[in-house]
Protein chains: 2
Amino acid sequence: MIQDRLNILKRFFKKNRRLPSYSEMLKLFGFSSKNAVFKLINKWVDANFLKKDSGKLAPTSKFFALPLLGNIKAGFPILAEENKNYLTLDEYLIGDPQSSFLLKVSGDSMTGVGIFEGDIVIVEKKKEAYIGDIVLAQIDNEWTLKIFKKDRVKKMVFLEAANPHYPPFYPKRELQIYGVVRAVVRKIN
Amino acid sequence: MIQDRLNILKRFFKKNRRLPSYSEMLKLFGFSSKNAVFKLINKWVDANFLKKDSGKLAPTSKFFALPLLGNIKAGFPILAEENKNYLTLDEYLIGDPQSSFLLKVSGDSMTGVGIFEGDIVIVEKKKEAYIGDIVLAQIDNEWTLKIFKKDRVKKMVFLEAANPHYPPFYPKRELQIYGVVRAVVRKIN
DNA sequence: CATTATAGTAAACATTTGTTCACTGTCAAG
DNA sequence: CTTGACAGTGAACAAATGTTTACTATAATG
C-alpha cells in the first residue's frame, strides 16, 4: 500500500521532473488531510527515499535508482537486501555532462571491442587521448571511431579499427581527435 | 553569462535533485532582487529549459539531456543545432523501472553478442521470454545469461551461450527464467 | 476486556512562495 | 542627443506552502 503510493510518486516525478506539493499529493494519494501526507512523507524520509534540505523536499538517489546486483551463486540475487547497491545510469555513465555528448554508432569497425552498429557511445569532448583510448576522429571528412595507437617502430600515432577487415590509418600530417569514448550503451530489441 | 547561470542551476539540480526556490537563486546567482530571478527564469522557460505547470517550476527534458548526434559525414556533428536530439540514458534504456534491475556481468559466455565481463545489463523481471531473447536464468544453482532458443527437431527450448566454448544447455525438467535483458551498458576505463 | 500503535480527518497558522509594479543605470542604435 | 531595450533593485502582496495540534476510527496485542 505504502509501496503503491511510492510508485505513484515515482511516476509523478518521472512525468513532471519534480515532486508534487502536499496539496497535489492529497489528490494523488486520495487523502483529505494534509497531515496524512505529512506523516507519509516523513516515513519516506526515514526510509531514505526522500530528504529535506533547507525545508525543501527532494528525492534521494535511492528514490530513482535501480538495484544493482552482483554475481551471486545461489538464491535469487534480488532477495539479498543488504548487498543492494543503487545506481542511476546517467550518474554512473556520464562523468562531465557539460562536455559530453552521445553518438549513434554506424558501421562495424569496432565490433572487436563490442561496439556495434546502432549502439550509442558517450563521448567526452577533448583533443588529446591516451594510447589505447577509443577516440572519435575525423578521417577524410568522415567521422569514425577508432583505437588510438602508437607505432613503436615508426614512432608515430595512428588509428586502428577493432575489426581485421579494416586497415590501420596512418595520418599524413596530423591526427584530429575530437573526443574519447567513455561508455557504450545498447538497447536490445 | 546566462549560460554560466544555467550551468549553476544544472549543478544545483544534479546535487540536490530539485530546483532551488527563487530566494535560494538570489544567492546562487548573486542577485539582490527576486525580480531579477523571475525574469531570468522566464527566459529559460521560453528557451524550453524549464517549464511551469500548475505554477510550479520544473526542468524539461532538454534541461538534463545530452545531445544525441547521428552519423554526419562532413563537419563536426555537434555544430548542427537543428538536428539535435536530446536523450537521458535512464529514460532511453529503462522501460519499466518498477520491474527492472541491474546486473553486473561475470564470465565470458556472452561475448559473441557483445556482452563482456564487467558490463552492466538491465534486466526486466519476467518468467517468459521469446525465442532469441537474452535471458537471466538459473542453471544448477547458478545464475547465468544465455540466449533462449528452440530446438526444432527435439521440439524443446534450451539455452545457448554466445560463445562457442560453452555447450548448449538442455533442461532436464523445466527451464526457470527470471528476466530478459533489455539493454547493455559498459563503462570504459 | 483494556491498551497501544497505526492511519487518517480537520482546522489553524506562521512562513515562504512566485508574481507584480515602479524605478534606476547602462549601453547601443538611429 | 534622444530613444528604447536590457539587466537589475526594492518593496509590496495574495496565494500556497509545510507544519503543528487536537481528535477519531480501526485493528492488533496481551
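This briefing looks at how the protein surrounds DNA strand D and how chain A divides into domains. The model is predicted, with pLDDT of at least 70 needed for local features and 80 or more for side-chain atom pairs, while totals for chains, interfaces and linings use all residues. Residues are numbered from 1 along each chain as its sequence is written, chains are lettered from A and ligands numbered from 1 in the order in which they are written, and side-chain values use heavy atoms, leaving out hydrogens and water.

**The surface near DNA strand D**

- Around DNA strand D there are 16 residues, each counted as near if one of its heavy atoms lies within 4 Å.
- The closest are A:Ser23, B:Ser32, B:Lys39, B:Lys43 and B:Lys56.
- By type, the surface holds 4 nonpolar, 6 polar and 6 charged residues (Ala, Val, Leu, Ile, Met, Phe, Trp, Tyr, Cys and Pro are nonpolar; Asp, Glu, Lys and Arg are charged; the others, Gly among them, are polar).

**Helices that contribute**

- At least two residues each come from α2 (22-29) and α3 (34-46) of chain A and from α3 (34-46) of chain B; helices are DSSP runs of H or I, at least four residues, numbered from the N terminus.
- With 4 residues, α3(B) gives the largest share.

**Side chains at the phosphates**

- In chain A, an N or O atom in the side chain of A:Tyr22 is 2.8 Å from a phosphate oxygen of DNA strand D, and a polar side-chain atom of A:Lys52 lies 3.1 Å from a phosphate oxygen.

**Domains of chain A**

- Chain A is assigned domain 1 (2-65) and domain 2 (97-185), with bounds from an automatic or database assignment.
- Taken over C-alpha atoms, the centres of these two domains are 44 Å apart.

Terms used:
A polar contact is a pair of N or O atoms within 3.5 Å; within protein, one must be able to donate a hydrogen and the other to accept it, and residues adjacent in sequence count only if both atoms are side-chain atoms.
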